[in-house]
Every structure is written in C-alpha cells, then in structure tokens.
Amino acid sequence: MSEIDDLKRQAIAEVDRWAPKLWEAAQTIARNPELGHQERMAVATLTGLLAEGGVEAEVGIADLATAWRARVGSGRRPTVAILAEFDALPNIGHGCGHNLIGPSAVGAGLALASIAKYLPGTALLLGTPAEESTVDNSGGKVHLVRAGVFDDVDASIMFHPSQYTNMSLEGSLAARGVDFVFHGKAAHASLYPWEGINALDGVLHTYSGINALRQHVKPEIRIHGVVTSGGGVPNVVPQIASCRFRVRAPDAEELESVFKRVIQCAEGGALMAGARLEVREYMPPYENVVPNLTLARAFRRNLEAIGLTVLDGRPEPGLGSTDFGNVTRRVPAIEAGISISDPSAPHHSAAFAAAALSEKAHGAVIAAAKGLAMTAIDIMSDPSLLAEAKAEFDAGPGRLRIPS
C-alpha cells in the first residue's frame, strides 16, 4: 500500500469516528435555518466541532461576520481550500441542502487534522456565507476572493447536495442582481389623479419591456424578477414602487450585454411613467463556473473508491448560478454533487429541504467528507496532479477581473 493510500485509509477512519457528530451538526443547522450573513448558529456549530477536534477557526474574515477560516496541515504550499456553505432560503429553509455542505467540509478538515504531520501541504477550510442570492450583498465567496483569501490557494474543492451523484462538469450561469426603484408623486386617485405620477406604472412597463426582451435573447439567457413594492392603497397614486431582477447568461461577457438591455427596459418604463428611476445592484456579480477536469477525475476516483457511482454531469438540462464560479476563475476548482433525493424533489423546494434531513443525506455528508479529504490528500501529495490541473486552468478561460 502506498503512503498516499495509507493516509486516505486513516482519513476515512477518522471521518467514520466523527460521523455521528457531523450528522448531528447537519440536523442542527437544518432545524435552525438562517439567511445569508445571519448564520451565527451554523457558524458556532461548525467551528465548535472543529474546536472539539483541536482545530482553531478565525471567525469574521473579509469583514463578513459569518465568514471563517481554519488551517490544517504543514502550513506550506500547496494549499487546498475546502469550502463550506450554510445559509438557508426564506420560508423554505434548507431547500438547497446547505446544512450538509458545512459539516462535510468540517468532517474533511477533522480527518486531515488527524494526519496533519504527514501532510506535505495545507488544507484551508473556508466558511463562505450567503451563497443564495436572497439577501443584499450576498456572495460570500466573491467577498473572500476580493479580500485576497484565495491569493495563496492552489486548488479549491467542495460538495453540493443534488438529485444525482455527479461531477459538476456542466458549469453554471453568470449572474447579476438589480433593484429598480421608481419615484413618482402621490395624489388622490379619484379627486385629482392628474396631479400624481404613478411609480407602479414604471414597474409594470418595465415588466412588459423585459417580457418582450425575452423573445430576442438566446434560449440559455434567464431574466426573472419580483415586485418588491407596489404602493400602499388603491385610492392613492403610488409614490414609490420597486422590483428586483436576476439576469443570467453563460458567461460574464454575454451577461454584460443582456444586463444593459434590462437596464434600458427600466429606463423606458420610468420614461413612460414620468417617474424617476433609481438603479442599484444588490449583490456582486457571480461568474460562471469553469470546472477543472483534472481535479474532477481525481475527485471522481475517490468517490468511486468508497463505493459511489458517479455521473459526469446532471442528466437533466438547466443551470443555476453560484459564487463558486468566482473561485473557479481564480484557481483550479471542482464541485461534486452527491444525491440526497430522487429527481422529483427539485432544488429550492420543501421536498428537497425534507430530503436534506433524510438517511440518504446522512450518508451523503459522510461520503462527501471522505471524498473531500481524499482529494485534498491527492492534491497535496501528487505534484503531477496539481501541475496538470494548473496547466488546464492556464490554458482555459483564465482569470477574470473581479469588479471592485
């Protein structure tokens, strides 16, 4: 048995030793869902578990109250970042299964801590808040990238719950989020409506314009929104009204073009209503994921070694967006999906939230922790693997400028 195989065997045994507490942490986070930047209980649960294993975490990095990091290993390069998410969705709770991601990363960290003196490199555990774009200033990973947290990272890996066990090779959509606020003038809607400027008309015209725009963009473009304020009572001309949109495209360059056209729809809506328009991006841009195939092959081998059957990608069409995309444009990176439900329970649903508390989810947390630890060992211990991953990264789309 090789030295690497022996280290993996020890890491697997250590994950099994921590398995009951990892699942307990996943259940605690699921039953106490917290929105982005508010995940204090989740952070306390995860960092408390690390502390129990002798791993100290620094909480509040990059000026984010619920972002954290912990180091395990030699302190030397190469450095592998293992990412943890833990935020929930409004009303649904953990309908994306983020209660499982943090415990899997912590489990991998604890496993690596048990063999730290034998590791030629470093595992950097990163708690990344607010991945879901449901709160202002979301995208914890984007903020960590901007703060330089990934500057000394050589590769990054993570796990995400899914309907399928697969390597996420299909990528994601780049995304931006924008609020449109229309300022009008209040007036009595019956006595003298001509004195008013209807801000809600600006919202309605904007919606109509964007609906027309959808006919003239490529099929993979996504533009979707909600009305966030429509006025108060019907007998007062609405003085202020607003809507929020997400705009998505296959890459940042195409996204920029579509985003400008969406802005123009809002400008036209304001012009027709006679209202003043205020435009505000409520979150940093999410770049599209560029998966590293070299790391994907290594991660896949490790998941298969512990008995999982791994697909290349999700068999169903459709892409979402994630701030992990910004990480993949900075360093070689890959995310593995592990099944916790069947296809009838889609992401962002109550059914998926229930699945995130199932026995299948229990198994996924443990399998993910083992796969992450094993893949980190490979990256740290096999210089040729990392060199190939970096060569692939350099030959691909490369780094994108992170907007300031």
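**Entry 1: a bridge between two strands**

I began with arginine 176 in this predicted model, and I found that its bridge partner in β9 is valine 247. I then looked up the strands around that bridge, and ten bridges join β7, residues 174-183, to β9, residues 240-249, with the two strands running antiparallel.

I noted for myself that strands of a sheet pair through backbone hydrogen bonds, either parallel or antiparallel.

**Entry 2: the sheet and the helices on it**

I next asked in what order the strands of this sheet stand. Four strands form an open sheet in the order β8-β9-β7-β10, and the pairing is antiparallel. Because β8 (222-229) and β10 (276-281) each have a single partner strand, they stand at the edges, and one side of each is left without a neighbour in the sheet. Neighbouring strands here are turned by 20° against each other on average, if direction is ignored.

I also looked for helices packed on this sheet. Helix α5, residues 199-213, touches β7, β8 and β9, and its direction makes about 20° with that of β9. Helix α6, residues 252-273, touches β7, β8, β9 and β10, and the direction of α6 makes about 10° with that of β7.

**Entry 3: strand β5**

I turned to β5, residues 155-162, and asked how many of its residues are buried. Eight of its eight residues are buried, so I wrote the strand down as mostly covered, taking buried to mean under 20% relative accessible area. Ala155, Ile157, Phe159 and Pro161 point one way from β5, while Ser156, Met158, His160 and Ser162 point the other way, and all are buried.

I then looked up the partners of β5. Strand β3, residues 79-84, pairs with β5 in the parallel sense over three bridges, and the bridge partner of valine 80 in β5 is alanine 155. Strand β11, residues 333-339, also pairs with β5 in the parallel sense, over seven bridges, and here serine 156 stands opposite alanine 333 in β11.

**Entry 4: two crossing helices**

My last entry concerns a pair of helices, and I recalled that two packed helices are described by the angle between their axes and the distance between the axes. The axes of α1, residues 3-31, and α10, residues 359-381, come within 9 Å and cross at roughly 145°, and the crossing is right-handed.

Which residues meet there? Among them I listed Ile4, Leu7, Lys8, Val15 and Trp23 in α1, and Glu359, His362, Val365, Met374 and Ile377 in α10. By class, the contact of α1 with α10 has 16 nonpolar, two polar and five charged residues.

Terms used. Residues numbered from 1 in each chain as written. Predicted model: local features only at pLDDT ≥ 70, side-chain atom pairs only at ≥ 80, totals over all residues. Heavy atoms only, no water. Pairing = 2+ DSSP bridges. Axes fitted to C-alpha atoms, helices over the stretch in contact; angles between N-to-C directions. Contact = heavy atoms within 4.5 Å. Left-handed = near helix turned anticlockwise from the far one by under 90°. Nonpolar A, V, L, I, M, F, W, Y, C, P; charged D, E, K, R; others polar. Buried < 20%, exposed > 50% of the residue type's maximum accessible area, 1.4 Å probe, protein only.
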